[in-house]
Amino acid sequence: MAQKAGYVLVMEGVTKSFQSRRQKRTALEEISLRVRRGVVTGLIGPDGAGKTTLMRIVAGLLVPDKGDVHVLDIDVLKDPLSVQASIGYMPQRFGLYEDLTVQENLDLYADLQGVPEARRPRRYAELLKMTMLAPFTRRLAKRLSGGMKQKLGLACTLVRPPEFLLLDEPTVGVDPISRRELWTIIYRLVQEEGMSVLLSTAYLDEAERCQEVILMHEGRILGQDAPSRFYNDLKDQTFMLTSETEKGRRLQQRISTMPGVVDCIVLGNRVRLVTDRPQSPEEIESLFGDGAGLSVQAAPPRFEDAFIYILKRCTADRRPVLPVREDFISSPVGIRDGDVIVVEDLKRRFGDFYAVKGIDFRVRRGEIFGLLGANGAGKSTTFRMLCGLLPASGGRIEVAGSDLRVAGAQARANIGYMAQKFSLYRGLTVLQNLQFFSSIYGLKGRRQKRRIEWAIESFEMTHLANMTSGDLPLGYKQRLALAVALIHEPEILFLDEPTSGIDPIARREFWNRINILSDAGVTVLVTTHFMEEAEYCDRLVIMAQGEILGQGTPEEMKAPFRTPQEPEPSMEDVFIAMIEHHDNRSKPI
Amino acid sequence: MNGQDLHRGKGSMRLKGLICKEGYQIIRDPSSIAIAFVLPIVLLFIFGYGVSLDAEYVPIAVVVEHQTRETSDFVAGLRHSRYFSPVIMTSIQEAERSLMKRDVDGIVWIRGNFGRQMLSTGNAPIGVIVNGVDANQARIIEGYMQGVWIKWIEQASIEGGRSLLIPVNVEHRIWFNAQMRSRNFLVPGLIAVIMTLIGAMLTAMVVAREWERGTMEALMVTPVNVREIILGKVIPYFVLGMGGMALSVIMAIWLFHVPLRGSLWVLFIGSSLFLLTALAMGLLISVMAKTQFVAGQIAMIVTFLPAFILSGFIFEIKSMPAAIQVLTYLIAARYFVDILQTVFLAGDVWPIVIYNSLALIVMSLFLFIVVKRHMKKRLE
């Protein structure tokens, strides 16, 4: 016991698998880990890594196939009730009772957790102050914003101060300001109440906010350490490249195949490079310069670099990664020059609530254009209006020269659409999905055959063609969804939250394909709430509460916020600054 | 097991919290109120008014081959009966065509020699053809027709100063439902079927809703135990379900004029036992079904339909095949139908009430034990 004293959680050899449709899926494989007392530990990995399963085992909601789990020195398998009486657990979709008010939700959880009446007023006051929900105690939970709901969920979990707090993806889909607030609350809990926290997230940038990180992928642990220890190893291996003669994408395509390159992504006109050994910028310049005026700067390593580095080391032999084949797209498409999408004073009202309050933007041919904003900012509504799925309440929309709401099938054949949760037929195989979607787009005979062959080959799905699409790994589902959206060679591609939850390697592959498409003249409109993803766009708008807060290239957006202290602000910093600026301006004087 | 004691001390506080929560939800979310109150109103209206096993104003063709004073007397008798609305036709062919087209449900064929036979023997046969597609209806028409016929002959005999020449004289006396209104036994039976649906739906749907919204997962990691989760659902929905029951009884008495001959407290106890059984069935469904849609479907198929068909509410159990009869002992509604029909139409007949109540107690205990066993604080 003594050796466990410093730990709130000890797992030894935990394996858990699920039976689904005659096939066994291992969610956790021989997991052994320890979580230290009094710190914030991050459980980090893409969707499907096994984070939620692990959390549920710790909370006593699932029983592992084998292995030992001790939480606060109690065996969870033998006495889950005692564990549950001393931990706090906030599931991914926290169960707030929507028909209850903020206060009633707190009362319910205080009753369930057995908080004595006498202690409640003080605790409520603390929690409401911390979460800034005090003015809303009488509001029904369903009328709260996403960020407020999340904070209320946290408050409910905390009515009885737990020794050990489990948070399953608490920041998913939450706007950056609420996200920042949640982190502040978490650290206050650790400092003031001596709580230990285990928090899972798919956002790699959140790793750096944790004191300790457990990196998970496909049911295994890839490493556990302080976040900086992960990437300190990569010192002198990360660079930022700009070329005078080559566009970012060209440059990236050229270098990504060269030996010694671990990772290489386009950020606007610049390319971020990770190499397999420490080098000086001069060495990089001579290696990759190729006579083109290449300027190389050393860049500080990030957690994501480390993840990619580790992933490639662990899985290099298991899957084909970069680069995407050059002949991914055969011939340049698109006929129009100039603005392909025009949006003027677009409005959408639901009852007396304006989801979109008169926005304007234009997208040029071949551009990758982003709609960036938190859940509820109005980007999905805008998106649906553009696709002609939802009528506008006012304003003008033009997509490839027509309004899709009234235009016929011909105009719709110009667009490809990839829905948020990949609208694939889960019961059909990869091939059947392609056949079905190509036929509803009117492809027949030789052309259909040719396009299906193209899709399977260029998305590297030959070995999976007869697999049921519901059983595909997430990354392949996304590939298939993109293949389906491109099957009829559209000029314009709409992508709704295309990369949420997928692992960074699959994400890179995805953006490489999008870059090639854009080079070939396909216009891409993408919505995302991943702030970092904005960097992949040529231009973007930042949306909040149905309004556009800013518009331009990522560099233009960052420019006003560069300070001597923060020469390289993140997109998230920009977003928060814009919202704060906007709120101050709109406040009545 | 120190921790266990600690939990028990706070059990009542947790239960209170769960019940309050459920109360707020009932008030603010119309779906459970709709199940408890709107459903019985709608079903009672549809079945109470729409389904009646009595035949009234049945269209029949009367073929009179040779009109005489006797025949028009008989037709007048038919016309005055509220059971028939006769259509006079002159040939049997025409009448048969109408029967084929289902314009009429039966034919009364009065032959040409009716008057003569009547005068000479005092008894003349008439032909009655009944559409037997609906066997139940056919039997009823047949019976009524006989009634009208006997009445008329009686009348004619008295007028003619002759004694009645019908060989067997059956005297019917109907007990408990003197007017023979089928509604009087249909409505109590219907209440049993409705309560099956309400009870099972309420718990199955609200637990499924908690799974759908993710509140169940949050609930499960609190120190609450399975017993409290079950009680926290059963108590509020028992109260709500009894409200629905009270509404149904009020409708039965005031709207459908079904007599209530037994005592209210027997009715209350019988209903409570049955409602508990139905709520337990709902909980059992919710152990299996984690979405409201599936839970609703299962509740319909495994509780409502069997209750409808096998409870003896419309279809007499004694006339079912032996194997099916055995099966009906598993249908809780069967016992409740018995209790309700007895308490409404006959009074507190103790042997029946006690036997059926015991059956319900056994069933509900069994179901609650199964629910307690299978409802785990786990997600698999």
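## Handedness of a helix crossing

A crossing of two helices is called right-handed if the near helix is turned clockwise from the far one by less than a right angle, and left-handed if the turn is anticlockwise. In this predicted model, helix 10 of chain B passes helix 11 of chain B in a right-handed crossing.

## Geometry and contact of the two helices

Helix 10 of chain B comprises residues 226-255, and helix 11 of chain B comprises residues 264-288. The two pack with their axes 9 Å apart, at an angle of about 130 degrees. Helix 10 of chain B is therefore oblique to helix 11 of chain B.

On the side of helix 10 of chain B, the contact is made by Ile230(B), Lys233(B), Val234(B), Tyr237(B), Phe238(B), Gly241(B), Met242(B), Met245(B) and Val249(B). Helix 11 of chain B contributes Leu267(B), Ser271(B), Leu275(B), Leu276(B), Leu279(B) and Leu283(B). Sorted by class, the residues of this contact are twelve nonpolar, two polar and one charged.

## Overall form of chain A

Chain A contains 18 helices and 23 strands. Along the principal axes, its C-alpha atoms fill a box of roughly 70 × 60 × 55 Å. A compact globule of 589 residues would have a radius of gyration near 25 Å, and chain A agrees with this because its own value is 25 Å.

Of the 589 residues in chain A, 49% are buried.

Technical notes: Residues numbered from 1 in each chain as written. Chains lettered and ligands numbered in written order. Predicted model: local features only at pLDDT ≥ 70, side-chain atom pairs only at ≥ 80, totals over all residues. Axes fitted to C-alpha atoms, helices over the stretch in contact; angles between N-to-C directions. Helix = DSSP H or I, 4+ residues; strand = E, 2+ residues; numbered from the N terminus. Parallel < 35°, antiparallel > 145°, perpendicular 65-115°, else oblique. Contact = placed C-beta atoms within 7 Å. Nonpolar A, V, L, I, M, F, W, Y, C, P; charged D, E, K, R; others polar. Rg over C-alpha atoms; globule rule 2.2 N^0.38 Å. Buried ≥ 20, exposed ≤ 12 C-beta atoms within 10 Å, placed from the backbone.
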